[in-house]
Amino acid sequence: MTRLTALNPEEVTGKTKDLFNAVQAKLGVVPNMMRTMGNSPAVLEGYLNLSGALSHGKLSAKTGELIALAVSESNSCDYCLAAHTFIGEKLVKADPAVLKAARTGNSDDAKTEAILQLAKTLISKNGLVNDEDVNKAKNAGVSDAEIAETVAHTALNVLTNYFNNLANTEIDFPAV
């Protein structure tokens with residue numbers, strides 16, 4: 001059973017209504033996570049702003065989805081695993097085997113694997129990485145900008161993982 005209410009987009013007003021309308025226009029639907037985040041327009045707006053900013057970064061949408069899967073697996077977030085598997089398959093057209101491998105931080109591409117391993121290391125070490133951890137990424141060709149964005153993608157997904165795990169958000173994507 002959910003712990004926080006997923007708001008009905010038809011019944012909200014004010015800032016939440018404006019944010020839901022923007023999500024609806026972009027996605028065609030307001031997913032349950034965002035409907036639940038809408039209880040605090042500040043939380044929903046913060047999530048949308050960081051997500052939007054990262055969409056213009058150096059890391060591709062595919063890499064962002066792979067990071068989301070690696071982080072979500074580490075944090076046992078069933079909602080995010082379902083959402084990012086669906087997005088990975090349907091929107092960024094990633095092979096299902098690539099998506100599954102990302103959950104454990106693996107990739108056939110050395111640079112992508114270094115990014116995923118860095119994300120998983122950030123989680124396992126609570127952000128307290130060492131020089132060796134960072135140098136592994138750099139030695140695989142990951143730039144400083146890409147490392148910075150890996151941290152931001154990881155943090156964004158920690159937010160959504162913790163939020164959904166706390167809220168016990170009803171999964172509205174195909175389960176994985």
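Predicted model: local features only at pLDDT ≥ 70, side-chain atom pairs only at ≥ 80, totals over all residues.

Q: Which residue does D133 form a salt bridge with?

A: With K125; the closest N and O atoms of the two are 2.7 Å apart.

Q: How many salt bridges does the structure hold?

A: Five. Among them is E146 with K111, where the closest N and O atoms are 3.0 Å apart.

Q: Which parts does that pair tie together?

A: Helix α9 and helix α7. E146 sits in α9, residues 144-167, and K111 in α7, residues 110-124, so the bridge links parts 35 residues apart in sequence.

Q: What about accessibility for E146?

A: E146 is buried, because its relative accessible area is 11%, under the 20% cut-off. K111 comes out at 29%, so K111 is partly exposed.

Q: Different pair now. What does K138 form a salt bridge with?

A: D144, with 3.3 Å between the closest N and O atoms.

Q: Is D144 buried or exposed?

A: Exposed, because its relative accessible area of 53% is over the 50% cut-off. K138 has 39% relative accessibility and therefore counts as partly exposed.

Q: Why would such side chains pair at all?

A: Side chains of opposite charge can do so when their charged atoms come close.

Note on methods. Residues numbered from 1 in each chain as written. Heavy atoms only, no water. Salt bridge = Lys/Arg side-chain N within 4 Å of Asp/Glu carboxyl O. Helix = DSSP H or I, 4+ residues; strand = E, 2+ residues; numbered from the N terminus. Buried < 20%, exposed > 50% of the residue type's maximum accessible area, 1.4 Å probe, protein only.
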